Amino acid sequence: MDYASFINDVKQNYQSYDQEKWKQQDIEFEKYNKDLFQQFNTQLSPTEQARLIRFDFVYNLVRGNINLSDLISGKYNQALSGYVTELTAVLNEATLIQ
């Protein structure tokens, strides 16, 4: 399973996770988010980096690690900004194709 598939699986199933399943998912998330990111960070394009920031945000949001005060304080502004940047890049590419 790749990172995107892992995040999609978590988004689809997080409500059914018990503490043991979250522990397993946390281990898998750490593998993707920390270990592999550190290994390949220098090879990633800005769009890929923004996508990984978004994956981190989504995982922590469904995990319950993000609360309203985190959002208000600006802690995740980079993740949200990265998502907008990624979306803009995709729209620009789609426009060029047509």
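Rings of Phe, Tyr and Trp, the last by its six-membered ring, count as a pair if their centres lie within 6.5 Å; planes under 30 degrees apart are stacked, over 60 edge-to-face, and the rest tilted. Keep that in mind for this one. Tyr-3, Phe-6, Tyr-17, Trp-22, Phe-29, Tyr-32, Phe-55 and Tyr-59 form one aromatic cluster.

Some ground rules. This is a predicted model: local features need pLDDT of at least 70, side-chain atom pairs count only at pLDDT 80 or more, and totals for chains, interfaces and linings use all residues. Numbering starts from 1 along each chain as its sequence is written, and side-chain values use heavy atoms, with hydrogens and water left out.

Now the overall picture. The protein has five helices and zero strands. Helices are DSSP runs of H or I, at least four residues, strands are E, at least two, and both are numbered from the N terminus. Along the sequence the pattern reads α-α-α-α-α. Of the 98 residues, 26% are buried. Buried is under 20% relative accessible area, exposed is over 50%, and partly exposed is in between, using a 1.4 Å probe and protein chains only. Take contacts with a separation of 6 or more: residues 24 or more positions apart account for 59% of them. Contact here is heavy atoms within 4.5 Å.

Back to the rings. The structure holds seven aromatic pairs. One of them is Tyr-17 with Trp-22, edge-to-face, 4.9 Å centre to centre, 80° between the planes. Both of these residues are buried. Trp-22 also pairs with Tyr-59, again edge-to-face: 5.9 Å between centres, 80° between planes. What does the pair of Trp-22 and Tyr-59 tie together? Trp-22 lies in helix H2, residues 19-40, and Tyr-59 in helix H3, so the pair links parts 37 residues apart in sequence. Trp-22 has a relative accessible area of 9%, so it is buried. Tyr-59 is at 2%, so it counts as buried too.

The charged end of Lys-31 sits over the ring of Tyr-32, 4.9 Å from the centre. The test is NZ of Lys or CZ of Arg within 6 Å of the ring centre and within 35 degrees of the ring normal.

Last, helix H3. Its 18 residues, 46-63, should span 26 Å at 1.5 Å a residue, and the end C-alpha atoms are 26 Å apart, so the two agree. The expected span is 1.5 Å times one less than the number of residues. Buried residues of H3 include Phe-55, Phe-57 and Val-58. Just after H3, Gly-64 takes a positive phi of about 90°.
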